[in-house]
Amino acid sequence: MEVGDTGERFWAYLIGALTGATGTDGGSDGVGGVAGRGALVGLPGPARLEALAGMLAAADRPTVLVLDDLHRVTEPAVFAGLEFLLRHAEGRLRLVVGARTGLFPALHRLRLTGELNEIGPAQLAFTDDEAADLLVAHGVRLSAEMVCRLRERTGGWAAGLRFAARAVRGHPDPGHWVTRFGGDHPDVAGYLRAEVLDGLGPGELDLLRRCAVTTAVRADLAAALTGRTDAEQLLATLARDGGVLHQDDSDPPWYRCHPLLTDLLRTEVDRLPEEEVRDLHRRAADWYAGHGWPAEALRHEPLAGTVRVEPVTGSVPAASANAAASANPAASANPAASTNAAEPAAGLVEALTERELTILRYLQSILSNVEIAGELSVSVNTVKTHVRNIYRKLDATRRREAVRRARELRLI
């Protein structure tokens, strides 16, 4: 059942669904002498809720109520009514909610009592094996590497994978097609515009577009790109309420769009006036350079039209030298990082190989495993294998912990 943002319409639909499910539709007497759906709708608020709760409590079996897109409801009275039903239906109401926003207060209390089961984006995302099964069901067979790449590109999003499966079926070179699949695909773009972008305010949409020139943003970078003083609040809202952004656990947090949504936003950025696009990259380059990310600054400088041409003397300014070294992690100027990889650093049981040291330096950046693989011209599985080895040798379980440990050991 889909719900709108009008309270009376919501209750009319809900009463119709519940009376039908409990067998009291069509004028049969309800609890306390209340007759059918029409009488329930006509009752004032508290009396109507009491009659509904009594009807549910008297039912032969529990009633399952499915509310899809509950984030579209904006009236607090609706949530108060649902909470009343959950509390007074004597356990005979099972509520299944689909929503992009946070939970209303009653559900938070149910979490504390262990009566709430939550399935989030991470649990819904397809694994490589599940993605392969979906493709095979659509008559598409790809190599394990291509399946992994497609799953990474879609973030394991079931709808995105299905769009891809339908589009690639019968393609003469499906492996090559997968490398080009993105959020600008017509079916994907149409879906994302209708289901995600059209529901955003002008300020939120403008922020997402401008921040799409980077791989990920944090609040001060978003403020530099947009000039907005409320960038931090908008990012937090989009991550919490809209499910549009993923927020990591760093401090300050970085925010990242779904990869397919990023593709779509970048196509919209490309439609901006050329000077405006250059200004965005110029702002990004300046921010990265000023915050110790010379490699990222170097990525944006050519797009900003600010690449410096060195004089014939061949002298290289320190800033350019640092950027070049960071752009090629294997050429890092860190003395500890240039030591012989065959000799383990103090505190390491096993030394990191040269390739592991290279990938370790990339782990400092905001690049994903797919993007690191692209930089090094290796497969994503190769990067993942090296990352697992790095974690094991550094006694770490995630990227941030591995980078912190490596810095303590002066490996980077």
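Student: Where is aspartate 69?

Tutor: Aspartate 69 sits in the loop between β1 and α4 (76-88); helices (H or I, at least four residues) and strands (E, at least two) are DSSP runs, numbered from the N terminus. Before we go on: this is a predicted model, where local features need pLDDT of at least 70, side-chain atom pairs count only at pLDDT 80 or more, and totals for chains, interfaces and linings use all residues. Residues are numbered from 1 along each chain as its sequence is written, and side-chain values use heavy atoms, with hydrogens and water left out.

Student: Okay! Is aspartate 69 buried or exposed?

Tutor: Aspartate 69 counts as buried because its relative accessibility is 12%. Buried means under 20% relative accessible area, exposed over 50%, and partly exposed in between (1.4 Å probe, protein chains only). Aspartate 69 also has a positive phi of about 55° although it is not a glycine.

Student: Which loop holds aspartate 395, then?

Tutor: Aspartate 395 lies in the loop between α21 and α22 (399-408). Its phi is positive as well, at about 55°, and it is not a glycine. Aspartate 395 counts as exposed, because its relative accessibility is 67%.

Student: And what joins aspartate 251 and proline 252?

Tutor: A cis peptide bond, with omega about 0°. Proline 252 is in the loop between β3 (245-247) and β4. Most residues other than glycine have a negative phi, and most peptide bonds are trans.

Student: New topic. How many salt bridges does the structure hold?

Tutor: It holds 16 salt bridges, each being a side-chain nitrogen of Lys or Arg within 4 Å of a carboxyl oxygen of Asp or Glu. One of them pairs aspartate 128 with arginine 151, the closest N and O atoms being 2.7 Å apart. That pair links distant parts of the chain, helix α7 (residues 128-137) and helix α8 (residues 144-154), with the two residues 23 apart.

Student: Which residues are in a network with that pair?

Tutor: Asp128, Arg151, Glu152 and Lys384 are linked in a network of salt bridges. Lysine 384 and glutamate 152 meet at 3.3 Å, N to O. Lysine 384 lies in helix α21 (residues 380-394) and glutamate 152 in helix α8, so the pair ties together parts 232 residues apart in sequence.

Student: What about cavities: how many turn up?

Tutor: A search of the whole structure finds two cavities of 30 Å³ or more. On a 1 Å grid over the protein atoms alone, a cavity is a set of points where a 1.4 Å probe fits but cannot get out, and lining residues have an atom within 4 Å of a point. Grid points are joined across faces, edges and corners, and a volume is the space filled by probe spheres set on the points. The largest cavity has a volume of about 110 Å³.

Student: Which residues lie nearest its centre?

Tutor: Cys211, Ala212, Thr214, Leu245 and Cys257, out of 15 lining residues. The elements giving two or more residues to that lining are α12 (202-211), β4 (255-257) and α15 (259-269).

Technical notes:
On a 1 Å grid over the protein atoms alone, a cavity is a set of points where a 1.4 Å probe fits but cannot get out, and a pocket is an open set with protein on both sides within 12 Å along at least five of seven lines; lining residues have an atom within 4 Å of a point.
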